[in-house]
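Keep the viewer open as you go.

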Amino acid sequence: MQFHHHGYVSGDPRIADAAGTGIDRPADLPDEMDVLIVGSGPAGMLLAAQMSQYPDVTTRLIEKRDGRLVLGQADGIQPRSVETFQAFGFAERIVAEAYNIGWMNFWGPDPEQPDNIIRTSRTEDYGLKISEFPHLIVNQARVLDYFAEAAAQGPGRIAPDYGVEFLGLTVHEEGEYPVEVRVRYSAGLREGEERTIRAKYVAGCDGARSGVREAIGRVHVGSIAAHAWGVMDIVVNTDFPDWRTKCAINAKAGNILHIPREGGYLSRVYVDLGEVPESDNHAVRKTPIEEVIRRANEILHPYTLDVKEVAWHSVYEVGHRVTDGFDDVPEGVDRTPRVFLTGDACHTHSAKAGQGMNVSMQDGFNLGWKLGSVLTGRSPESLLATYAAERRPVAQQLIDFDREWSSLMARKPEEISDPQDLATYYLATAEFPSGFMTQYAPSAITGDAAHQALAAGFPIGKRFTSSEVVRVCDGNVVHLGHHAKADGRWRVYAFADAGGAKVREWASAVTPLIARVTPVDADADAVIDAKVVYQEGFDVVEQLASPELFLPKTGSLGLTDWEKVYSAAPNAWCRTDIFDERELSRDGVVVVVRPDQYVAAVLPMDATAQLAEFLEGVFLPA
């Protein structure tokens, strides 16, 4: 973690100095703002945390509740989300309080006594097998708390405006603030008062019953499956031996997905309530908790649950829906989007794949840096059209995956020919639910695969997979990707040729390209953060002999940044070589990474003209 470059810091270095709109932030909603976020769910709170890194942009978040969420319904945290938490600075703290899923066990009917269940297999969870980040269970409310902290401690000092309800909006053709929004105070001294505010852009992060979605005429496309599940967070005494291990239980009496939760005692249990007839008219949703507990005991036979407390419970019918558009631009119309939908406002599905909160957060991450880049004048407005173009296909992939997983989970024992097939599917598809399967198509911000062979381990359009390297200045082993924070900057990684002759020429050619898109009064790396990784050992590389591009003087004191020069050579502390691990060309290669951690381009060292062309499509001249 770097600090002191603006002067000595004696307090918490995670708290940035207030700047721009973060200085003397008005307590009440202003009449006009750049970005209005509606809803304080996962997408909305991440978006607020991201926008806090753009203090020159006026951002407000409204939430009709009168305070923070106390009990969240979502709890599964996939490795990609933990990676995102790392970029926002709180991964280590949330991992410490979460439940880490290390294993998943599968149970089925005992062939000799079919009314009883037996353990049929035990599998390692996919989390740490495909990432350095774990697969966690933690209350959604705590995730929101951490993002709220990041938003409040960022230079923009963003905090939710609780007790303000969204009523509707109108998008006007002209005006600096073309989105007219009607709101009502739902709590506090002004309860019941209505007013109109205006924004340049609105993000609808207001859940499955989104008022923003309705206001722009978007509709969910899909259906509800004829199957219901009861879900409960419970504290119990039990003789079931795997109570603190994640389990998929398929029994003659039905199915259970059991997920231990944080704290050592609490567990979430999804209980199969069976097929729902067409004439039910959602009556199944009124199933009492006593019946859900009875069903759970019936499925777990010969084991029993003695429920001591129910912290939360609900009944839902599996639905698979994707909104017909993720912004307010009608099909065939060429204009800048002004209103965006994220999270459950634009995709809904079952909870059993653990994707809702995770995919929602990635919606917010994708949208945030794009809004920030456009509103600070770094990028053209056309960048905003890529949000819907990138995130809608991801939502459809999620729906397709969840439909198959839900169907597998709901099968009856007689429909299962191989008791191992659920475990096999769980592991074989691990990359998708972990959040690492997303791959964005070529666009203005994602290049083509013409030079992919130079860096096969960094697929273009997929998230940048970190590896350990050695920091040359002090010999410490660090993860290269972990140095990249959610600060809105692009990253350019130069993996040097042996001896470094090419990288020196490359740096000389690229320095003016970066300067062209960097404000004259900003740090040299304020927009594009360039790093170099040498093939030679850290004890051989002379740091101060590196090009000035990798030794920028930053901060108000103009201090040299020593943390942009790395070595790939293995040593006593670093057992891996990133060139081998990520299949990088030993002749040198350049990897460009977007602010949301996705690989945007792979280029040879001599392709500076191609790099210049790519940057011209992404950035406006400073």
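## Before you start

This is a predicted model, so a few ground rules apply: local features need pLDDT of at least 70, side-chain atom pairs count only at pLDDT 80 or more, and totals for chains, interfaces and linings use all residues. Residues are numbered from 1 along each chain as its sequence is written, and side-chain values use heavy atoms, with hydrogens and water left out.

## The overall build

The chain comes to 13 helices and 27 strands. Both are DSSP runs numbered from the N terminus: helices are H or I with at least four residues, strands are E with at least two. The radius of gyration is 26 Å, close to the 25 Å that the globule rule gives for 622 residues, so the chain is as compact as a globular protein of that length. (That radius is taken over C-alpha atoms, and the rule is 2.2 Å times the number of residues to the power 0.38.) Along its principal axes, the C-alpha trace spans about 75 × 65 × 50 Å.

How much of the chain is buried? Of the 622 residues, 57% are. Here buried means under 20% relative accessible area, exposed means over 50%, and partly exposed is in between, using a 1.4 Å probe and protein chains only. Take contacts (heavy atoms within 4.5 Å) between residues at least 6 apart in sequence: 73% of them join residues at least 24 apart.

## A helix on the inside

Zoom in on helix 1, residues 42–51. All 10 of its 10 residues are buried, so helix 1 is largely enclosed by the rest of the structure. Among them are Pro42, Gly44, Met45 and Gln50. What do these buried residues pack against? Their partners are strand 1 (32–38), strand 2, helix 2 (79–88), helix 5 (140–153), strand 11 and helix 8 (356–375).

## Salt bridges

Side chains of opposite charge can pair when their charged atoms come close. A search of the whole structure turns up 50 salt bridges, each a side-chain nitrogen of Lys or Arg within 4 Å of a carboxyl oxygen of Asp or Glu. Take aspartate 161 and arginine 60, whose closest N and O atoms are 3.0 Å apart. This pair links distant parts of the chain, with aspartate 161 in strand 8 (residues 161–162) and arginine 60 in strand 2 (residues 59–63), 101 residues apart. Aspartate 161 is buried at 9% relative accessibility, and arginine 60 is buried at 2%.

Next, aspartate 242 bridges to arginine 119 at 2.8 Å between the closest N and O atoms. Aspartate 242 sits in the loop between strand 12 (220–238) and strand 13 (246–251) and arginine 119 in strand 6 (residues 117–124), so the pair ties together parts 123 residues apart in sequence. Aspartate 242 is buried at 3%, whereas arginine 119 is partly exposed at 35%.

Glutamate 176 and lysine 200 also meet in a salt bridge, at 3.9 Å from N to O. Glutamate 176 is exposed at 54%, while lysine 200 is buried at 18%. There's a network of salt bridges to find too: Asp487, Arg489, Arg491, Asp525, Asp529, Lys531, Asp561 and Lys564 are linked in it.

Proline 302 is in the loop between helix 7 (289–300) and strand 16 (305–323).

Two non-glycine residues with positive phi are worth a click. Aspartate 24 has phi near 55 degrees; it lies in the segment before strand 1 and is exposed at 70%. Glutamine 597 has a phi of about 80 degrees. Glutamine 597 lies in the loop between strand 26 (589–593) and strand 27 (599–604), and is buried at 11%.
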